[in-house]
Amino acid sequence: MPVNEKENRDKISIRRLVSNVRYIMKFALEVDARAVITVFAAYFVCSVTYAIYSTLFLKYFIQIMQDKTADLVQAVLFVFAGIAILTISDATEIAVENWIEVRFLKVAGKVQRRFIRKAADIDLICYDNKEYFNDFVIAAAQSEEMLMMGVMSTGYIIGHVAGIFTLGALVLSVNPVIAVFPIVGFVINIVTRFKITEYEYNYDMEYKRIMRKADYSKRVFYQPEYAKEIKLSDIRGPLQIQFNEAVEEVMGKAHDIGIKIAVLSLINWISTFTVMSDFAIPVYLGYLALVKKSIGLGDVAAMNNAEEGIRNNLDGLNYAFVRFQKVGQFAERFRRFVDYEIQIENSDGICDMPTERQTLEIKDMSFRYDGADHDTLHHISMTIHPGERVAFVGENGAGKTTFVKLLMRLYDVSEGRICYGGRDIREYGTKEYRNRIGAVFQDYQIYGATLVENVLMDEEKEGDRERVLQALRLADFESRLNRMPEGLDSNMTREFREDGTMLSGGEAQKVAIARMFARTGNLSMAILDEPSSALDPLAEYRLNTNMMKNAGDATVIFISHRLSTTRDADRIYMFENGQIIEEGSHQELMEQRGKYAAMFEKQAYYYQDEVAAET
């Protein structure tokens, strides 16, 4: 994204800022209305109580002491009453703040559950969008903090505004001019603080962007999967350079913004506190009392306290507005994430999936990623009949994996159509359509759960074990399973248990492949994207034999760089630069003497002896 476009995207108007905070408040009320209302009510009552106490207590106490008819008991009772009111108010405020921190642990859980549900349903293409992914990461990492800050900031604003109006009414009843000084100071304060916060926010966003590179460079040094290569190579050199460059860039930006913030802070302090508060107010009150003699000693004390109270409330209001601004800026990203309209996931469709296996037709289909300058795939057409074995081959980046993602409707086509049973796949419910497809990707994952759950990719139900055992046998995992003390109940990875099972790359790939065998009974289509990349040629041969034998009437589509796996395919499609340049059976393509034949012949000597020995 160009710099100017990015700046415009992140620039937020005051109106949008307020709208964002209102959005956060609405979200917080939906999550826990009781907590929000309690905070607002507590700050309102405590602020009004303290405003009245701080202004009138000293005034009436001085009047009592000046009244010759008053006795000592009356004065003492008045003092104790004031202390009791102040103590109750302070205790209430502290209790609410402590209570809300504990309460927000529960809120945090609710928010994260919503985020998990949302993240699970996000369209896959969002992960390819850097800006949206940044919004997702920031929203997920800071949501609880910013929700709490939004509630507390709004509570502070309600309390400070109530205090200002209460004190303002008392000041106006004595002399309206006194109110001018703190108001002028407040205006200067809020203008400078808003500008400072804008600088801080922009720096924070830049810091997160830049330090992702530094964090990566740092992280690889303590993650076990990188340890061997780091120790056996000089990759640490470029990684350290990358880390240093990121730190230097951050330091440069911090220096530039630090000067601007220092200048604004100096202006803010001198004008708001030194001139408007510490100098102007005492001078004016002294003039009213000593020169004009329009107010008495009690009024001087009351007005001085009221002015200080107004100043403190305005200052607190200013800082609350600053936090309010931070919440509004954060909420822009939070809002983009939460309000994203899901296009593909959980789509209901307009027609039912056919019960019988159907023909898959790709009709003049093209696809382009958002923001890309050209199509990743363009003008692809083919027909795949039920039960066919189809292979996609070609160099890395030719578009094969993107194509199978489109077949599974992880993405939607940009042009053309993908039809199943004569209907565009967008007319079917996404979940129902995908339930008929089994897939194994090269970048599979093993999860911190039991082996049986890793194969089922679901909770274990009664009767599942035999199906899982059969799937593991077909994936050639049986010998490894027999060496696992807890068998199917073995916990995969050592993320949470020290006695967890760590599998080799080939073993883990067999578990991923077993997921496919566990589902072949009700599949219409099996898609394998480099499913045997970590296997030796003999294991690969056994896998392919088992897959072809057990797929039944399901269509099998597989991607492979090892062309030994393609010989038994009914049809082979050769991809290059997002287009199909050759198609046919293995024999037909070998007779054409094109790119497929040249690639096959280059690879042949790697596997022919091993496969021949196995057969």
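Trainee: Where is the place of His 160?

Mentor: His 160 lies in helix α4, residues 130-174. Helices here are DSSP runs of H or I with at least four residues, strands are runs of E with at least two, and both are numbered from the N terminus. The model is predicted, so local features need pLDDT of at least 70 and side-chain atom pairs count only at pLDDT 80 or more, while totals for chains, interfaces and linings use all residues. Residues are numbered from 1 along each chain as its sequence is written, and side-chain values use heavy atoms, with hydrogens and water left out.

Trainee: Why does His 160 count as buried?

Mentor: Buried means under 20% relative accessible area, exposed means over 50%, and partly exposed is in between, with a 1.4 Å probe and protein chains only. His 160 has 18% relative accessibility, so this residue counts as buried.

Trainee: Which residues does His 160 touch?

Mentor: Leaving aside residues up to four places away in sequence, His 160 touches Ser 47, Asn 313, Gly 316 and Leu 317. Contact means heavy atoms within 4.5 Å.

Trainee: What makes Asp 412 and Arg 409 a salt bridge?

Mentor: The term requires a side-chain nitrogen of Lys or Arg within 4 Å of a carboxyl oxygen of Asp or Glu. For Asp 412 and Arg 409 the N to O distance is 2.8 Å, and the pair therefore meets the definition. Arg 409, at 4% relative accessible area, is buried, whereas Asp 412, at 23%, is partly exposed.

Trainee: How many salt bridges does a search of the whole structure find?

Mentor: The search finds 18. Among them is the one between Glu 427 and Arg 423, with the closest N and O atoms 2.7 Å apart. Another joins Glu 460 and Arg 465 at 2.6 Å. Shared partners link Glu 460, Arg 465 and Asp 489 into one network.

Trainee: Why is Arg 465 called partly exposed?

Mentor: Its relative accessible area is 30%, which places Arg 465 in the partly exposed class. Glu 460 is in that class at 34%.

Trainee: In what order do the four strands form the open sheet?

Mentor: The order is β2-β1-β4-β5, with antiparallel pairing. β2 and β5 (423-424) are the edge strands, as each pairs on one side only. Helix α9 (400-407) packs on this sheet and touches β1, β2 and β4.

Trainee: How many of the eight residues of α9 are buried?

Mentor: Six, which leaves α9 mostly covered. They are Lys 400, Thr 402, Phe 403, Val 404, Leu 406 and Leu 407.

Technical notes:
Pairing = 2+ DSSP bridges. Axes fitted to C-alpha atoms, helices over the stretch in contact; angles between N-to-C directions.
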